[in-house]
Amino acid sequence: MGRVQGKVAIVTGAGRGLGFADAMLLAREGATVIATDIECASVPMLEAHGIRYVPHDVRDESSWKELVARVLRDHGQLDVLVNNAGVVHVGDPVNFDIAEWRHMSEVNIEGVMLGCKHALPPMIERRSGSIINISSISAHTGLYFYGGYCASKGAVASYSRAVAVYCAQNRLGIRCNSIHPGGIDTPINSVLAAEFAERLPTMRLPPQSPVSADGPQMRMGEPDDIAWAVVYLASEESKFMSGSEIRIDNTASVTAAVVG
Ligand SMILES: NC(=O)c1ccc[n+]([C@@H]2O[C@H](COP(=O)([O-])OP(=O)(O)OC[C@H]3O[C@@H](n4cnc5c(N)ncnc54)[C@H](O)[C@@H]3O)[C@@H](O)[C@H]2O)c1
């Protein structure tokens, strides 16, 4: 029997990267998984593993209403929501582009808020559920070269605590936690690298800059390094865990050194 056997889970931003890995492992461990994204080149692979793909923009409240209604109509319950969809943009505090800041706020924060808002009512009805919000170690560190991303992921962490306390104090039987990955090898890093390359010349950086065009690369984790934590938080193994943060970063958030 799988670790999340019989559970129904939504994973957002599951067309690739961490969300894709989360969806695959949850399905492997017995969950019925609905994978959503604004674009997805992996629909056949998802479907081959019994995962249904639903196009869905986390910024759009009506899209959330339709998604949750469809899941309830087709599966009768919603047990797990993984708010994974996220975007990153590069900029230092005097160079940040307001449109890019808002893009991160809309996807990373408002997307999480809307997900919680629409997943909670059916979970409350059954007095059961687990919400897993994907934050980042950027919520804890001062990575000023993408400070807007730090701000958005900090908001994800604090909102996750608020949702957890709402659920605990009202005895709703629902848990909410955040996961804080360090650098994981996914397509988001090529987006990041391209923006860095373009903007490094215009950003203010100290002589001993932690970022440079030819600097040593930190060793990246693999998507499953995060997905196993998602399985744990989705399962009953974590039944006493709510309002918590799980950092998965191979020491990156607790040392100034580059880990090669
Ligand atoms: N990879 C890392 O190093 C890392 C580290 C820390 C945190 N994270 C976080 O993990 C999550 C997943 O990142 P990833 O590395 O897999 O990135 P990724 O870019 O590979 O995947 C993100 C997915 O989100 C989707 N998405 C973007 N905007 C969306 C929207 N409006 N609605 C729905 N989906 C949307 C994209 O289409 C993409 O499929 C993000 O929240 C990211 O901030 C990643």
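Reply: Start with Arg 16. One of its polar side-chain atoms lies 2.7 Å from an oxygen atom of the ligand. This is a predicted model, so read every distance here as a computed value. Asp 37 also reaches the ligand. An N or O atom in the Asp 37 side chain is 2.6 Å from a ligand oxygen. Val 58 takes part through its backbone instead. A polar backbone atom of Val 58 is 3.1 Å from a nitrogen atom of the ligand.

How many residues surround the ligand? The count is 29, and the closest are Arg 16, Asp 37, Asn 84, Tyr 149 and Thr 186. Keep three of these names in mind. Asp 37 belongs to strand 2, which covers residues 32-37. Asn 84 will return as a contact of Asp 22. Tyr 149 will return in a cluster of rings.

Seven strands form an open sheet in the order 3-2-1-4-5-6-7, and the pairing is parallel. Which strands stand at the edges? They are strand 3 (52-55) and strand 7 (245-248). Each has a single partner strand, so one side of each is left without a neighbour in the sheet. From one strand to the next, the twist averages 20 degrees.

Look at one pair of strands in detail. Strand 1 (residues 8-11) pairs with strand 2 (residues 32-37) over four bridges, in the parallel sense. Val 8 has Thr 32 as its bridge partner in strand 2. Ala 9 stands opposite Val 33 in strand 2.

Helices pack on this sheet. Helix 1 (residues 17-28) touches strand 1, strand 2, strand 4 (80-83) and strand 6 (174-181). The direction of helix 1 makes about 170 degrees with that of strand 1. Helix 3 (residues 61-75) packs on the sheet as well, touching strand 1, strand 2, strand 3 and strand 4. Its direction makes about 160 degrees with that of strand 2.

Where do the side chains of strand 1 point? Val 8 and Ile 10 point one way, while Ala 9 and Val 11 point the other way. In a regular strand, side chains alternate between the two faces of the sheet.

Is Asp 22 buried or exposed? Asp 22 counts as buried because its relative accessibility is 0%, and the cut-off for buried is under 20%. Its contacts, leaving out residues up to four places away in sequence, are Val 11, Val 82, Asn 84, Ile 226, Ala 227 and Val 230. Two of these names tie the picture together. Asn 84 is among the closest residues to the ligand. Asp 22 and Val 33 are 11 residues apart along the chain, and 9.6 Å separates their C-alpha atoms.

Now follow Tyr 149 to the aromatic rings. Ring pairs link Tyr 144, Phe 145, Tyr 146, Tyr 149 and Phe 196 into a cluster. Trp 101 is partly exposed, with a relative accessible area of 34%.

Finish with Thr 202. It is found in the loop between helix 6 (188-199) and helix 7 (223-234). At 52% relative accessibility, Thr 202 counts as exposed. A polar atom of its side chain lies 2.8 Å from the backbone oxygen of Arg 199. Thr 202 and Met 113 are 89 residues apart along the chain, with 34 Å between their C-alpha atoms.

Note on methods: Residues numbered from 1 in each chain as written. Predicted model: local features only at pLDDT ≥ 70, side-chain atom pairs only at ≥ 80, totals over all residues. Heavy atoms only, no water. Pairing = 2+ DSSP bridges. Helix = DSSP H or I, 4+ residues; strand = E, 2+ residues; numbered from the N terminus. Axes fitted to C-alpha atoms, helices over the stretch in contact; angles between N-to-C directions. Contact = heavy atoms within 4.5 Å. Buried < 20%, exposed > 50% of the residue type's maximum accessible area, 1.4 Å probe, protein only. Phe/Tyr/Trp six-rings, centres within 6.5 Å; stacked < 30°, edge-to-face > 60°. Near = heavy atom within 4 Å. Polar contact = N/O pair within 3.5 Å; in protein donor to acceptor, adjacent residues only side chain to side chain.
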